[in-house]
Each structure stands twice: as C-alpha cells, then as structure tokens.
Amino acid sequence: MTATDTLSNASPADLTEEEKKRILAKSAQFSPPSAVLPDGRTELVGLSRAELEQLLVDMGEQRFRTKQLWHWIYHKGATDFNEMTSIGKPLRAKLIDRCVISRPKVVTEQTSKDETRKFLFQFRDGQEAETVYIPDRRADRGAVCISSQVGCTLSCRFCHTGTQNLVRNLGSSEIISQFMAARDSYGEWPTPTADRPRLLSTIVLMGMGEPLYNYENIAKAMRIAMDDEGIGISRRRITLSTSGVVPMMDQCGHDLAVNLAISLHAVRDDLRNEIVPLNRKYPIKDVLAACRRYPAASNSRRITFEYIMLRGINDSEADARELVRLLKGIHAKVNLIPFNPWPGSDYKPSKGEQVQKFADIIMQAGYSSPIRTPRGRDILAACGQLRTESQRVRASEKGLDDVM
Ligand code: SF4
C-alpha cells in the first residue's frame, strides 16, 4: 500500500490526529531551555504538581510537602526559600541547594498615559518577550496579555510581531512567570480573596506568538494558573486567541475549556489568505466548524471574533453582512479593533463613521460588537504592536532601522 492509499483510506478523525501530531512535533523543534539549570538546580516555577511531587519524593520527602510548597510559590508569591516558615529548616536547606524559584528579568517597564503597563521580560537564555497589563476602566481589575512565543511564524500582515521570525517557544515557566512578575509589579501577593479583589484578574493569551503552536507549554502554564490552591484564575477568566489552528482548537476545548477568541479579520478566503496567511491551511469554513464544536461555547460563554478594521480592505457594509451570515448559529461576540499603524505597515485605520456602520449591522443582527478603544498606543502596547523594544533599540544602534 502506498502512502497515498493510506491517506485516501484515512477518516477525517485520523487526518486530524495526524495533523495534531505533526503540529506537536514541529513545536518540539522550537523547545525552550530545560527546567534544569546548567548548575544542576531545578526551576520550580512551571513544573506541574505531579512533577513537583516527584522532585520532592526524589529528595526523600513526603508527598504532602507538595501542597505546602505550591502554596508558597503560587499563593504567596515567595521567591526565597527562607521565607517558607511552615517548611522545616532541613527541607528548606535542601531546596536552597537544589532548586530555584525565579522570575524573568524586567528589562523595561513602561506605563502608558491610560495606565496600560508594558513589560519587556528577558529569560535565562537572553531571549525576550513582551507582556501587557490592560486595566479595565470600569472596575478595579484588568487583563494580563501574555506572550506564548519569541517571535511568530504566522506573519499576519497587520501585526508588528509577525515581522519578527519565530525564535523559539516559551516554556511553561516563562509563560506563567510573565503573569507572576506582573503581579509582583502590582504587589498582588498573596493571591487576593473574595473580600479583597485583585487587579490582575484575567489572562488573555494574545501577546507575541500563536499559542496553539506551543500548545503543551501553554496548557501546562494555564493548568497552574487555574489551580485553586495557587493563582486560582477560573477558566472563564482565561481567553486563548488563535488565528485558527483547527486541530489544536479541538484539543484545547477538550483539555482546558478556556474561552476562545478567533483572529478572523476577513470574511472571504481570498482576503484572509492575504491578511492571515494561516487561512491557506485552515480556511474560514473549517475554523468556524471548529468553533461550532468547541465545547466551552455555550449560552453563557461566547466565542469572541477579533476583527481589525482596515480602511478600504475589510470594512465595507457588505463585509459586515457577510460576517453576520458566517456567524449564524455560533454564540459569538465581535470585537472591532481599530488598526494601530506601526512603522512600515501596509494598512490604514478605518474611518470612525465606517467602523460605526459596520458595528451597527452586527449589532442589529443580535451580536455584541464593541469598538475597542486602543490601549497603550503611546508605548506601542496596543493590539498587534508588540515586538521586542530591545530589538528596535539594537537595530537603531546598528543603523538598521530602515530595513527592519
Ligand atoms: S497576529 Fe498573532 S499569530 Fe498573527 S503574526 Fe501577530 S502574533 Fe503571530
């Protein structure tokens, strides 16, 4: 039997499994550095509970110590083993000798006029990624927008990050520690309780990179974020944004059931092929079919469709009507995002009145269609603008600004 015969005999479910394996194998080629440091100590942040327990057992300790250690790391935010007064001195001494609890280095921390805060973090191997805290003006809370990769493979045309090649995936430690370092910055440890609300109340996986191309590390980090005995952020307060990696959308729905956001941005395949090139692999109808079967989508949990408004490109009333037709049967919300131009970008933002007309058509069809206010524009923290500042600074030092 030839390979072609095998493929033609395969069921759609087999093909999806094959595709999933291919994506995971590809992702492994961009692995982050190991949790074991060159000096032999182990980074505890980012280990699953089972891994932490195994590490303690290997050190000759009782399993129940896992819960104590987890509480110190993820509830109290401790980074120094000497603070862990509920743990006996002999174990603390072992932990000091063999383990570390770290945070990425804060290279820059900028706060916008609108109070959005952008961090540039540097990891152990010198790679960098950006994280943004976006406060909700109507309440004492906000969202931490986390990066999943250094760079990105997808080259969406409206996105500044997409102009930076993929360097590598971020590890579970690097993903969850972006949130933990942001919490350090706001002094939000220990994890607030119901009577003391928290500012950093939501996670959005919408920073640099395509999270579903780094699925295993994202899943591990989000399980840590959701753990009730630590950070304790509910799955309803976590949103994963994807350009539409269909086989992994199914996996994510099955494993994590967090909220889903789709970077749609166009209603016709020919245009979406151009704006979001991943569409050539997973066209609009396949992405929408995956949304229809996404398990977390129910009356109380809508799928968000992100739609960046590009003047004369995707913002006509006919586009809005086609969007309504495509979304039929999906419990959806459409976020209309004004385009944030960056040096060298091809597009212009849609005019205000055109955005309003577009929003009205969607709203009249019964979908919520908020027009997003750009946040953190003055510090290049707005949607689609993330790209490591350090890279720009180094480029300008080398006189490379015009070619980047
Ligand atoms: S929008 Fe997201 S997936 Fe597309 S290039 Fe930018 S970071 Fe990558």
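In strand 12, Phe 305 is the bridge partner of Ile 262. Strand 12 and strand 11 run parallel and are joined by three bridges; two strands are taken to pair if DSSP finds at least two bridges between them. Helices (H or I, at least four residues) and strands (E, at least two) are DSSP runs, numbered from the N terminus.

Before I continue, a word on the source. This is a predicted model, in which local features need pLDDT of at least 70, side-chain atom pairs count only at pLDDT 80 or more, and totals for chains, interfaces and linings use all residues. Residues are numbered from 1 along each chain as its sequence is written, and side-chain values use heavy atoms, with hydrogens and water left out.

Let me stay with strand 11. Five of the five residues of this strand, 259-263, are buried, so strand 11 is largely enclosed by the rest of the structure. Buried means under 20% relative accessible area, exposed over 50%, and partly exposed in between, with a 1.4 Å probe and protein chains only. Asn 259, Ala 261 and Ser 263 are buried on one side of the strand, and Leu 260 and Ile 262 on the other.

Strand 11 also pairs with strand 10, residues 238-242: the two run parallel, joined by four bridges. Here Asn 259 is the partner of Thr 239. With helix 8, residues 246-255, these two strands make a right-handed β-α-β unit; right-handed means that, with the strands pointing away from the viewer, the path from the first strand over the helix to the second runs clockwise.

I turn now to helix 12. Its 13 residues, 352-364, reach 18 Å from the first C-alpha to the last, close to the 18 Å expected at 1.5 Å a residue, where the expected span is 1.5 Å times one less than the number of residues. Which residues of helix 12 are buried? They are Gln 354, Val 355, Phe 358, Ala 359, Ile 361 and Ile 362. Seen down the helix axis, the buried residues fall within an arc of 160°, so they line one face of helix 12; the arc is that of the directions from the axis to the C-beta atoms. The buried residues pack against strand 12 (303-309), helix 11 (317-327) and strand 13 (332-338). On the face turned away from the buried side are the exposed residues Gly 352, Glu 353 and Gln 364.

Finally, confidence. The mean pLDDT, the predictor's confidence in each residue from 0 to 100, is 88 for the protein.

Note on methods:
Contact = heavy atoms within 4.5 Å.
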